[in-house]
Amino acid sequence: MPQLWPQTLGPVICVVGARPNFMKMAPILRAFAANTPAIPTLLVHTGQHYDRDMSDKLFEDLRLPRPDINLEVGSGSHAVQTAEVMRRFEPVLDEHKPSCILVVGDVNSTLACTLVGVKKGIPVVHVEAGLRSYDRAMPEEINRVLTDQVADLLYTTERSAADNLAREGIAADRIRFVGNVMIDSLLSNRTIARPPADTLRATGIDPGILNTADGYGVVTLHRPSNVDHPAVLQALLGVLREISASLPLVFALHPRTKGNIERFGLEGLIDRERMIILPPQGYLEMLGLMAEARIVLTDSGGLQEETTALGIPCLTLRENTERPITVEQGTNTMVGRDVAAIRHHAAETLAGRSKRGRTPELWDGHAAERIAADLAAWLMARQS
């Protein structure tokens with residue numbers, strides 16, 4: 001007889017809210033279904049990511065099941081969005097009586113659903129715990145710190161995360177080092193990533209621009225510290241234009257960045273012959289673009305990890321990172337908003353002198369399986 005999930009244990013409510021959550025949750029749901037016994041789940045989409053077309057495409061690309069419940073919260077200030085998630089999430093817990101709530105990452109939905117669960121006495125499990133930038137000006141840092149303080153079980157992507165948690169007084173028996181579920185998604189989708197030429201062709205751009213001996217680079221920018229200040233954005237666009245003279249750049253333009261470029265009158269800094277402007281791209285499109293790039297310039301946390309896993313040089317346009325392992329062991333170099341540093345490290349990369357990283361421990365495509373096995377045992381032990 002196959003082992004069955006105990007009837008006395010309710011489903012695990014799995015929460016997604018914004019784009020990065022989807023890549024982390026997809027392998028977890030597959031691992032839960034394949035576990036022995038299979039772990040029943042209820043997928044709740046808070047609707048924090050409110051671009052319906054892009055959200056639907058991400059579910060399709062990642063082979064995620066459609067959410068069982070969509071709270072349809074939409075946009076708003078951090079306070080409004082967090083409060084609205086909490087208000088709409090509580091009745092879900094009352095109705096479905098879960099065995100625990102599983103949250104991933106560091107978006108507003110992560111903290112909001114954690115707070116509701118903890119106050120109702122429902123165990124909370126945090127995947128990707130213990131990452132710290134030590135920059136309290138980042139809303140994500142506040143979400144990470146508070147979620148880890150009150151969650152019951154913390155799954156980490158790198159060993160240094162446990163040191164961060166220990167400094168914050170979190171007991172070691174709440175922490176499990178399991179690896180990186182983001183890399184599970186990358187490895188399972190690498191072979192079906194969309195070829196870069198197809199991505200350009202789909203947006204009406206001649207892919208021939210990528211067929212040069214030099215290759216191409218990929219750019220993403222979206223953080224307020226980079227795109228909300230005219231002088232900073234002007235300087236970054238200026239150095240990107242310089243780099244594009246040596247290497248064509250594919251720039252997946254975030255709506256916030258696009259709006260600010262127009263608002264600040266900076267369109268003239270974009271060389272349309274050498275800087276290929278794309279709208280926001282799906283997961284498989286971005287994976288294909290990154291995998292064949294010479295260099296990635298970004299302020300994204302997830303791309304720091306993905307470029308390390310792919311072995312692609314990455315210049316991170318931030319003053320700090322919550323993913324230090326990508327710098328210490330991977331292909332990531334922190335350049336901040338220092339134009340001279342960006343220029344120098346880009347030139348080093350194009351000259352073949354880029355950092356050669358290695359794959360971090362347990363970034364092997366099996367993190368979600370380890371989470372499933374451990375969580376099932378933990379929940380069963382709690383009821384015995």
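This is a predicted model: local features need pLDDT of at least 70, side-chain atom pairs count only at pLDDT 80 or more; totals for chains, interfaces and linings use all residues.
**Entry 1: the parallel sheet of seven**

I began with the strands. I found 7 of them in an open sheet, ordered β3-β2-β1-β4-β5-β6-β7, and the pairing is parallel. Next I looked at the edges, where β3 (69–70) and β7 stand. Each of these has a single partner strand, so one side of each is left without a neighbour in the sheet. I then followed β3 to its partner: strand β2 (residues 41–45) runs parallel to β3 and is joined to it by 2 bridges.

**Entry 2: the parallel sheet of six**

I turned to another open sheet, with 6 strands in the order β10-β9-β8-β11-β12-β13 and parallel pairing. Its edge strands are β10 (275–278) and β13 (332–334). Both have a single partner strand, so one side of each lacks a neighbour in the sheet. From one strand to the next, I noted a twist that averages 20 degrees. Inside the sheet I picked strand β8 (residues 217–220) and strand β11 (residues 295–298), which run parallel and are joined by 4 bridges. Here Val219 stands opposite Leu297 in β11.

**Entry 3: salt bridges**

How many salt bridges does the structure hold? I have 25 in my notes, and I looked up a few of them.

My first stop was Glu168 with Arg132, where the closest N and O atoms are 2.8 Å apart. Glu168 lies in the loop between α6 (160–167) and β7 (175–177), and Arg132 in the loop between β5 (124–129) and α5 (139–150), so the pair ties together parts 36 residues apart in sequence. Is Arg132 buried or exposed? Arg132 is buried, at a relative accessible area of 3%, while Glu168 is partly exposed at 23%.

I went on to Asp228 and Arg256, whose side chains meet in a salt bridge at 2.5 Å, N to O. Asp228 sits in the loop between α9 (224–227) and α10 (230–244), whereas Arg256 belongs to helix α11 (residues 255–263); the pair therefore ties together parts 28 residues apart in sequence. Asp228 is partly exposed, with a relative accessible area of 24%, and Arg256 counts as partly exposed at 38%.

Then I checked Arg353 and Glu348, which form a salt bridge at 2.9 Å, N to O. Arg353 counts as exposed, at 52% relative accessibility; the cut-off for exposed is over 50%. Glu348 is partly exposed at 24%.

I also wrote down a network of salt bridges that links Lys24, Glu128, Glu305, Arg318, Glu322 and Arg323. That one is worth a look on screen.

**Entry 4: the aromatic pair**

Why do Phe22 and Phe59 count as tilted? Their ring centres are 5.0 Å apart and their planes stand at 45 degrees. Planes under 30 degrees apart would be stacked and those over 60 edge-to-face, so the rest, which are tilted, take in this pair. Phe22 is in helix α1 (residues 19–34) and Phe59 in helix α2 (residues 52–61); the pair links distant parts of the chain, 37 residues apart. I checked accessibility too: Phe22 is buried, and Phe59 is buried as well.

Definitions and conventions. Residues are numbered from 1 along each chain as its sequence is written. Side-chain values use heavy atoms; hydrogens and water are left out. Rings of Phe, Tyr and Trp (its six-membered ring) pair if their centres lie within 6.5 Å; planes under 30 degrees apart count as stacked, over 60 as edge-to-face and the rest as tilted. Buried means under 20% relative accessible area, exposed over 50%, partly exposed in between (1.4 Å probe, protein chains only). A salt bridge is a side-chain nitrogen of Lys or Arg within 4 Å of a carboxyl oxygen of Asp or Glu. Two strands pair if DSSP finds at least two bridges between them. Axes are lines fitted to C-alpha atoms, for helices over the stretch in contact, and angles run from 0 to 180 degrees between N-to-C directions.
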